Amino acid sequence: MTLNFTNESRSYDATRHAVRFWGYDGSREVSFFVTEDALRRLDSGAGCDEPGLLSAFSAHRHRVYAAAVRVYARGRKGSYDIRSEDI
């Protein structure tokens, strides 16, 4: 399993209170959601609004990607949630 993050796009999903981003396993696109709590764990000064959470994601992108690889390795699902305990 090789998970790549060639698409640096991310967006805030207000209904899930998470930042959504995508990884790729070969040609398969994989959706990830990193929760607000997880982002605040990475950056305690992050604002609770969309710009603050997107900024926290960008500042800690490599740590979020590392957590995504670990969560993805647990098994295939439709989408993956990254919670504070995964960081």
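This is a short tour of one chain, stop by stop, in a predicted model.

**The whole chain**

Start with everything shown as a cartoon. Count 3 helices and 5 strands. Trace them from the N terminus: the order is β-β-β-β-α-α-α-β. Along the principal axes, the C-alpha atoms fill a box of roughly 35 × 25 × 25 Å. The radius of gyration is 12 Å, which agrees with the value near 12 Å for a compact globule of 87 residues.

Colour by burial next. Of the 87 residues, 44% are buried. Now think about contacts between residues at least 6 apart in sequence. Of these, 46% join residues at least 24 apart.

**The nonpolar core**

Select F21, F32, V34, L39 and I82. They have the most contacts inside the largest nonpolar core, which has 24 residues. Which elements give two or more residues to this core? They are β3, β4 (28-35), α1, α2, α3 (61-73) and β5. Highlight α3: the largest share, 6 residues, comes from this helix.

Stay with L39 and show what surrounds it. Beyond four places in sequence, L39 touches V19, V34, L53, A56, F57 and V64.

**Helix α2 and its cover**

Select α2, residues 50-59. Its buried residues are G52, L53, L54, A56 and F57. What covers them? The cover includes β2 (10-13), β3, β4, α1 and α3.

**The rings**

Show the aromatic side chains. The whole structure holds 10 aromatic pairs. Zoom in on F21 and F57. Their rings form a tilted pair, 5.1 Å centre to centre, with 50° between the planes. The pair links distant parts of the chain: F21 sits in strand β3 (residues 18-25) and F57 in helix α2, 36 residues apart. Are these two residues buried or exposed? Both F21 and F57 are buried.

The relative accessible area of F57 is 0%, so F57 counts as buried. Y65 is buried too, with a value of 10%. Then widen the selection to F5, F21, F32, F57, Y65, Y72 and Y80. Together they form one aromatic cluster.

Select R16 and F33. R16 lies over the face of F33, 3.6 Å from the ring centre.

Setting aside neighbours within four places in sequence, S79 is in contact with R16, S31 and F33. S79 is partly exposed, because its relative accessible area is 24%. Now draw a C-alpha to C-alpha distance from S79 to R20. These residues are 59 apart in sequence and 9.9 Å apart in space.

Select H17, in the loop between β2 and β3. Look at its backbone. Phi is near 50°, a positive value in a residue other than glycine. Most residues other than glycine have a negative phi. H17 has a relative accessible area of 45%, so it is partly exposed.

Move to G47. This residue lies in the loop between α1 (36-42) and α2 (50-59). Which residues does G47 touch, not counting those up to four places away in sequence? They are G52 and L53. G47 counts as partly exposed, because its relative accessibility is 26%. Check the C-alpha distance from G47 to E36: 9.8 Å in space, across 11 residues of sequence.

End at H60, in the loop between α2 and α3. Is H60 buried or exposed? H60 is buried, because its relative accessible area of 19% falls under the 20% cut-off. Not counting residues up to four places away in sequence, H60 touches L42 and D43.

Key:
Residues are numbered from 1 along each chain as its sequence is written. This is a predicted model: local features need pLDDT of at least 70, side-chain atom pairs count only at pLDDT 80 or more; totals for chains, interfaces and linings use all residues. Side-chain values use heavy atoms; hydrogens and water are left out. Helices (H or I, at least four residues) and strands (E, at least two) are DSSP runs, numbered from the N terminus. Buried means under 20% relative accessible area, exposed over 50%, partly exposed in between (1.4 Å probe, protein chains only). Contact means heavy atoms within 4.5 Å. Rings of Phe, Tyr and Trp (its six-membered ring) pair if their centres lie within 6.5 Å; planes under 30 degrees apart count as stacked, over 60 as edge-to-face and the rest as tilted. A charge sits over a ring if NZ of Lys or CZ of Arg is within 6 Å of the ring centre and within 35 degrees of the ring normal. A nonpolar core is a set of buried Ala, Val, Leu, Ile, Met, Phe, Trp, Tyr and Cys residues joined through side-chain atoms within 4.5 Å. The radius of gyration is taken over C-alpha atoms; the globule rule is 2.2 Å times the number of residues to the power 0.38.
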